Number of protein chains: 2
Amino acid sequence: MSILVLGTVALDNVKTPFGQRKKMLGGSAAHFSMAARIFTPVNLVAIVGKDFPQKHIDFLEAKGINLSALIREASGKTFQWSGEYKGDLNTAITLNTELGVLSTFKPKISEEQKRIEYVFLANVDPDIQRHLLRHMRSPKLIALDSMNYWINNKRKSLLRLLKQVHIYVANDQEARSLSQEHNLIQAARALRSFGPKMVLIKKGEHGVLFYNDKFIFSLPAYPADRVVDPTGAGDTFAGGFMGYLAKSRIVNMQNIRKALVFGTIAASFNIEGFGLERASRLTRKDLNKRLAHFKKCILL
Amino acid sequence: MSILVLGTVALDNVKTPFGQRKKMLGGSAAHFSMAARIFTPVNLVAIVGKDFPQKHIDFLEAKGINLSALIREASGKTFQWSGEYKGDLNTAITLNTELGVLSTFKPKISEEQKRIEYVFLANVDPDIQRHLLRHMRSPKLIALDSMNYWINNKRKSLLRLLKQVHIYVANDQEARSLSQEHNLIQAARALRSFGPKMVLIKKGEHGVLFYNDKFIFSLPAYPADRVVDPTGAGDTFAGGFMGYLAKSRIVNMQNIRKALVFGTIAASFNIEGFGLERASRLTRKDLNKRLAHFKKCILL
């Protein structure tokens, strides 16, 4: 089954102990797509400005991403994020954010796209997320990601939206912040009570926690010994996770379990290069090979 | 096979959001023993002062711990630790440490104890640890724990000791500090190069990482939703881990795997009560019951 991802396509300026990149292709929807495409056709819904290089469009198209809902706004600049990672590369220091055309973004999708059943609302303004959601005709699985900025500044809007989605995806800080619970299991339980049947908490190098009323999964991250650039790891994880679920069509315990593992593995590749450098070359064969090793590592 | 643990028996003053306890029985060797005793006879090597209540001695004896090498020093006070946990209870704030008789501690063990093959050197001065180690006749598996204080103040002594042990057990901060590597896999590799064939990194609520030249294991913590007092969780983990290995007698991949799981489960009970309150009532039946649930949680 196809998947639809709403999010950002950005120009990223990133500095890590391994080097730096300027105006590199990035953004939540781009990272998500690199992993999801391995399992299923991906429709990307985003906006870029007049400064957005044609080579990036060509690149995404060459990866098989459907860009018919990628708006190219003639007046305005592409969303830019500038960040730096230091030390253990666990936390990004945001140096600058230029919203550009993102501030006027109104997603537009085709009639065909409105019938897509698997939807990932990557981190953008919750009002934009809800705007898109209104157009979906028969969503079967909607996952929502957000960030601390919206939790702090559009809490009401976000809480309203949470009632309409099946999975809330958050990192540990966001989960704690929105739930106001320190303990992650209690945080997951509180977030569940806000509406979404499933809660997925990303803990970076410490893996992920999946919560629903019937079971809790806890999965460590792949033991990576070389982290070049963690930007987009969370979205890559989500891409692998949602991509696998969309492909398998049935959202049950067994498939969620596999989806979590594939998301984890996809993310472990993403961090090995800057931006999309590594994830964009990712194949199902790469995933399967690392899966075999990962199974040993996590005592599977 | 019996196990010998060198460490502290202390009087702990602990405050957490769930309450506080004064002069409660604690210490690394005591916590270790509560988990190890489930699998194998435990010989405890430690020192206490004249203020140490007889009821604590009776309590440890009732738990089947061999106290023949517990020195009761007539002149001096028992080691006391005072600490507080706030928020997510992940980090202890040490308010006060009174070494007391610990500052003159010289372990003394019987001829029979010198022939014990499984040895856990819990966190005390590395010089005391080495003093004990010199007396062991035929150690088969020696594990060593330490802390940042010794890493910073007795680095040379600690590094010398590392060459003589099979397993170095550290929490993530200690592992990073001693190896001077941020990435935990690289830290484990560096620590391995210091001598010990196996490196075990405890990550608190994020589980453990086990490293040797042949394989890496990554295990999440048991998803605990009520942490009352995390004091001693690491030593309880070590007790379950070493206890299981001593009982199974063969240190291979399969048994290490099981030992990591039992250590994790034992620790998950320890944090449910203050000090030894919960761990001291722990049975093999409790462990097995939670094991079944944990296996589901970690996708086993």
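How many residues of chain A are in contact with chain B? In this predicted model, 26 residues of chain A are in contact with 26 residues of chain B.

**Where the chains meet**

Helix 8 (184–193), strand 13 (216–219) and helix 11 (284–297) of chain A each supply at least two residues of the side that touches chain B. Strand 13 of chain A gives the largest share of that side, with 4 residues. Sorted by class, the side of chain A that touches chain B holds 14 nonpolar, 7 polar and 5 charged residues.

**How the copies are related**

The same surface serves both copies, as 100% of the contact residues of chain A recur in chain B.

**Inside the structure**

The largest nonpolar core has 202 residues, and A:V5 and B:V5 are those with the most contacts inside it. What surrounds A:V5, leaving aside its neighbours within four places in sequence? A:V5 is in contact with A:A29, A:F32, A:S33, A:A36, A:V42, A:L44, A:V45, A:F120 and A:A122.

| Helix | Residues | Length | Span, first to last C-alpha | Expected span |
|---|---|---|---|---|
| Helix 9 of chain B | 233–248 | 16 residues | 22 Å | 22 Å |
| Helix 10 of chain A | 253–270 | 18 residues | 26 Å | 26 Å |

The reach of helix 9 of chain B is close to the span expected at 1.5 Å a residue, and the reach of helix 10 of chain A is likewise close to its expected value. In helix 9 of chain B, 14 of the 16 residues are buried, so this helix is largely enclosed by the rest of the structure. For helix 10 of chain A, 13 of the 18 residues are buried, so it too is largely enclosed by the rest of the structure. Do glance at the residue just after helix 9 of chain B: B:R249 takes a positive phi of about 70 degrees.

**Confidence**

Chain A averages a pLDDT of 95, and 100% of the residues score at least 70. The model as a whole scores ipTM 0.79 and pTM 0.88.

Definitions and conventions. Residues are numbered from 1 along each chain as its sequence is written. Chains are lettered from A and ligands numbered from 1 in the order in which they are written. This is a predicted model: local features need pLDDT of at least 70, side-chain atom pairs count only at pLDDT 80 or more; totals for chains, interfaces and linings use all residues. Two residues are in contact if their C-beta atoms, placed from the backbone, lie within 7 Å. A nonpolar core is a set of buried Ala, Val, Leu, Ile, Met, Phe, Trp, Tyr and Cys residues joined through C-beta atoms within 7 Å. A residue is buried if 20 or more other C-beta atoms lie within 10 Å of its own, exposed if 12 or fewer, and partly exposed in between; C-beta atoms are placed from the backbone. Ala, Val, Leu, Ile, Met, Phe, Trp, Tyr, Cys and Pro count as nonpolar, Asp, Glu, Lys and Arg as charged, and the others, Gly among them, as polar. The expected span of a helix is 1.5 Å times one less than its number of residues. pLDDT is the predictor's confidence in each residue, from 0 to 100.
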